[in-house]
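Here is a briefing on one protein model. Keep the sequence and the 3D view open while reading.

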Amino acid sequence: MMYLTPEQRARQVIDKQLKACGWTVQDYAEVNLYASEGIAVGEYPTSDGVADYVLFVDRKPVGIIEAKKEEEGYRISEVEAQSGRYARSQLKYLRNNPLPFVYESTGVLTRFTDFRDPKPRAQEVFTFFRPETFREWLRKPESLRCRLQNLPDLSIEGLRECQITAITNLETSFKNNYPRALVQMATGAGKTYTAITTIYRLLKYADAKRILFLVDTKNLGEQAEQEFMAYLPNDDNRMFVELYNIQRLKSGYIATDSQVCISTIQRMYSILKDEELSEDAEKENPAETRWERREPVPVVYNPQIPIEFFDFIVIDECHRSIYNLWKQVLEYFDAFLVGLTATPDKRTYGFFNKNVVSEYTHERAVIDGVNVGYDVYLIETKVTQKGARVEKKQYVEKREKLTRRKRWEQLDEDVKYTGTQLDRDVVNPDQIRTIIRTYRDNLPEIFPHRDEVPKTLIFAKTDSHADDIIKIVREEFGEGNDFCKKVTYNATENPKSILNQFRNTYYPRIAVTVDMIATGTDVKPLECLIFMRDVKSKNYFEQMKGRGTRTISLGDLQRVTPSARNVKDHFVIVDAVGVTKSVKTDSRPLERKPSISLKDLLKAVSVGASDENLFTTLAGRLARLDRQMTPREKEKLVELSGGKSLSQAAGALLEAYDPDVLNDRASETFGLSKEDGVEPTKEQIKEVQAPLIQEAARFFTPKINEYIENVRKVHEQLLDNINPDELIKAEWQQDSKENAEKLVQDFKAYLEEHKDEITALQVFYNLPYQRRSLSYKMVKELLEKIKEDRPKLAPANLWHAYEVLDNKKIVSPRNELTTLVAVIRRVLDMDNVLTPYDKTVDKNFQEWVFKKQAGPVKFTQEQMNWLHMIKDHIATSFHLEPEDLDYDPFNRKGGLGRMWQLFGDQTNTIIQELNEGLVA
């Protein structure tokens with residue numbers, strides 16, 4: 001074999017890459033510029049020396065490639081001066097202008113500079129651009145980066161302030177030639193609309209050729225397509241789709257005239273690999289990639305989709321789709337990358353080089369009225385908190401997880417379970433029922449004045465858990481199948497159809513999901529989220545909460561929830577499992593590929609696959625199964641394996657890729673001293689790792705695999721129908737003094753602000769003490785004004801706040817008007833403690849009667865009956881007018897005429913004294 005120098009090896013790689021990109025590679029001695037439209041001529045003489053390659057397009061020189069050996073990659077930036085000189089030099093026999101396109105390449109690392117740019121800057125590229133690309137670029141008077149400098153001012157009509165800021169800052173980022181930019185905008189603030197506006201401006205004013213809108217699920221791709229189709233620019237009366245061609249990729253075909261492509265990152269990866277992709281693979285986000293029976297194939301050059309195919313890539317939900325395998329897709333293309341997310345984490349900031357062009361938080365969005373905030377309603381039950389114990393010798397039902405077949409069994413030992421085991425190992429139907437019943441019974445407090453259940457989404461742990469919840473919801477609400485449905489990928493009925501019904505029609509009122517609409521799905525009428533599963537991921541929890549933040553007009557809300565009286569100004573999280581209190585982390589779960597079946601994982605290991613993710617995922621799955629197995633099942637497995645337990649097998653899988661274990665083994669094997677700071681080499685690590693991988697895989701024989709799979713299939717859930725659950729508390733999370741004080745202060749400020757314009761408040765603030773009499777009409781006017789202006793200041797909420805402050809539970813009056821008056825009296829310190837208005841009236845009435853009876857006046861029994869009727873009327877209507885005596889209940893006792901007969905000329909005096917004295 002002929003020996004090649006490092007430089008020659010680099011040239012071979014570069015030649016191969018150039019040919020793949022459509023270039024014909026020739027030596028200077030045999031140059032034929034008519035051979036093809038793109039010629040790369042090697043060793044071309046210039047006035048400044050010999051250039052490694054000169055690129056010709058249509059027989060005209062356009063660029064330079066300076067080639068270096070692979071080991072020179074670390075100093076590639078130093079080569080820029082040399083390649084720049086060649087680009088500015090005169091080519092032999094030619095009178096050329098400076099060449100605009102310049103590369104430095106080792107075959108492994110390639111950097112490119114377009115000297116037509118305003119401030120030419122080298123950038124790393126996956127490979128070389130095609131000849132036709134250079135031809136197209138040269139036909140235009142300016143480069144893309146030049147055109148970005150001349151974007152016109154943004155027309156702000158119809159845009160929110162946060163959108164204006166994001167678009168303006170993003171375009172400034174483009175002008176400054178930042179390759180990556182992050183747009184952080186709260187859920188519901190209009191990220192997609194912002195992105196489409198930017199895309200429209202890039203196509204129209206920067207003459208961008210093609211833009212990719214990248215999503216990570218088919219569902220999000222369909223939503224994005226709908227938003228593009230509905231987009232009307234504010235500077236043109238034609239729809240976006242009338243101006244530009246949009247294609248949502250459903251196969252490997254990309255139309256050459258598509259100016260906007262919408263694709264999942266999974267599909268784009270498969271297109272680059274030239275492989276087919278089932279639409280089912282697009283349902284789940286790529287953080288849950290399936291195992292393949294080989295190492296993931298790295299992205300290689302695809303001439304049908306060259307690296308310059310897209311000028312810009314917008315990455316929706318970028319906090320979860322820019323890592324691991326999928327990162328290759330983004331780094332393949334030479335394009336500006338724009339990330340969209342509501343919940344960035346540290347990795348997201350790192351990937352986008354901390355170039356955050358918009359930081360619009362949920363809190364800011366709530367203040368601006370772009371989003372709605374939320375209140376938390378806590379439901380705590382005994383079984384949820386502490387679990388329960390089922391004593392031995394009890395007859396219990398057991399249910400197979402898959403078939404849901406039930407059988408009876410007498411326990412031979414006590415079964416104690418915790419709250420975290422619920423709905424996985426043990427199902428306590430009454431625990432689910434207690435939560436659902438508590439929600440049902442407290443709806444009047446959670447959503448006052450509603451004739452129907454607000455649109456409610458319940459987050460379940462598993463599909464089986466979801467089915468249990470649905471059954472109990474329908475029973476407790478006394479409703480049929482349409483009332484509550486499951487919206488998950490595994491639902492028999494079309495989940496997209498159910499989701500559309502949930503969003504746009506009266507039924508279902510309640511939807512139960514596991515994952516499908518946990519993130520990224522827009523359901524504006526949604527007013528309540530019930531968490532019946534805990535969430536440890538901070539980002540995932542924020543995304544789940546985001547389902548309720550969307551604003552909606554009152555008219556649109558009433559189309560699906562007719563009894564809604566006010567615009568949606570908040571949503572409610574019903575926390576039934578402590579999700580709002582549990583510690584959240586940014587860490588990812590041990591199981592990185594949860595979508596692949598256990599059977600396939602076991603088979604993969606047994607046939608020799610040794611992917612780190614495969615080992616880690618299987619270890620997590622086996623550790624979970626080990627906790628579920630009975631002692632007898634564990635004993636049988638140890639017997640089959642010759643003495644090894646399932647937990648030991650899981651540990652061996654993890655050890656095979658544990659860096660600490662590998663370092664220690666390598667140091668020991670090769671006699672390396674940690675004290676001297678000597679670290680094992682990669683080769684040494686691989687050498688000690690190989691037997692660990694083999695030993696871990698040896699456990700998984702066909703017999704062992706079959707046994708493990710059978711144990712998983714028939715493993716049962718215990719149905720605990722013995723321990724009834726008990727409600728510990730159901731209350732607003734804001735039942736703290738701090739929140740109560742804030743609500744009261746807000747109410748005081750509201751009263752002060754409106755005291756001169758609302759009649760009822762004028763009565764309280766301005767008239768003399770003795771004349772403080774209210775009418776029903778006055779109080780009703782005040783209540784309606786509060787509901788319109790500040791729904792959160794509802795009398796029931798204020799009553800509850802004072803219960804917290806006074807540390808006293810008091811039965812709230814049923815009448816909302818009398819509740820309001822009682823609260824106002826407490827706020828204005830007319831009462832030292834919160835007192836139901838009817839109790840105040842009763843107390844004042846007793847004092848008034850006592851004073852009268854102590855004097856010469858002695859009321860007869862009939863007179864006292866009449867006085868009690870007047871007192872009861874004032875307790876509910878605040879004021880008695882003489883004409884009220886002609887209506888029920890007074891008219892049944894003779895009306896105003898009978899009162900005059902009983903009280904004579906004292907009638908008006910008594911009415912006046914009671915009107916003023918009873919409300920004092």
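The model is predicted: local features need pLDDT of at least 70, side-chain atom pairs count only at pLDDT 80 or more, and totals for chains, interfaces and linings use all residues. Residues are numbered from 1 along each chain as its sequence is written, and side-chain values use heavy atoms, without hydrogens and water. Helices (H or I, at least four residues) and strands (E, at least two) are DSSP runs, numbered from the N terminus.

**Mixed sheet**

- Seven strands make an open sheet with mixed pairing, in the order β1-β2-β3-β4-β5-β6-β7. Two strands pair if DSSP finds at least two bridges between them.
- β1 (24-27) and β7 (123-125) are the edge strands, and each pairs on one side only.
- From one strand to the next, the twist averages 30 degrees.
- β3 (residues 49-57) and β4 (residues 60-67) run antiparallel and are joined by five bridges. V54 is opposite I64 of β4.
- β4 also pairs with β5, in the parallel sense, over five bridges. There I64 stands opposite V102 in β5.

**Burial and helices on the mixed sheet**

- Five of the five residues of β5 are buried, so this strand is largely enclosed by the rest of the structure. Buried means under 20% relative accessible area, exposed over 50%, and partly exposed in between (1.4 Å probe, protein chains only).
- One side of β5 carries F101, Y103 and S105, the other V102 and E104; all are buried, and both faces are covered.
- Helix α3 (residues 131-139) has P131, T133, F134 and R135 as its buried residues. They pack against β2, β3, β4, β5 and β6. Contact means heavy atoms within 4.5 Å.

**Parallel sheet**

- A second open sheet of seven strands has parallel pairing and the order β10-β11-β9-β12-β13-β8-β14.
- Its edges are β10 (246-248) and β14 (356-360); each has a single partner strand, so one side of each lacks a neighbour in the sheet.
- The twist here averages 15 degrees from one strand to the next.
- β10 and β11 (residues 260-264) run parallel, joined by three bridges. The bridge partner of I246 in β11 is V260.
- Helix α6 (residues 191-205) lies across β8 (180-185), β9 (211-215), β11, β12 (312-315) and β13 (336-341), at about 165 degrees to β9. Axes are lines fitted to C-alpha atoms, for helices over the stretch in contact, and angles run from 0 to 180 degrees between N-to-C directions.
- Helix α7 (residues 218-230) also packs on this sheet. It touches β9, β10 and β11, and its direction makes about 160 degrees with that of β11.

**Helix pair α32 and α33**

- α32 (residues 837-854) and α33 (residues 861-877) pack at about 150 degrees, with axes 9 Å apart. That makes α32 roughly antiparallel to α33. The cut-offs are under 35 degrees for roughly parallel, over 145 for roughly antiparallel, 65 to 115 for roughly perpendicular, and oblique for the rest.
- On the α32 side, the contact includes F845, W848 and V849; on the α33 side, it includes M864, L867 and I874.

**Loop residue E679**

- E679 sits in the loop between α24 (659-669) and α25 (682-698). E679 is exposed, at a relative accessible area of 58%.
- Beyond its neighbours within four places in sequence, E679 contacts N663 and L672.
- E679 and D664 are 15 residues apart in sequence and 9.7 Å apart in space, C-alpha to C-alpha.
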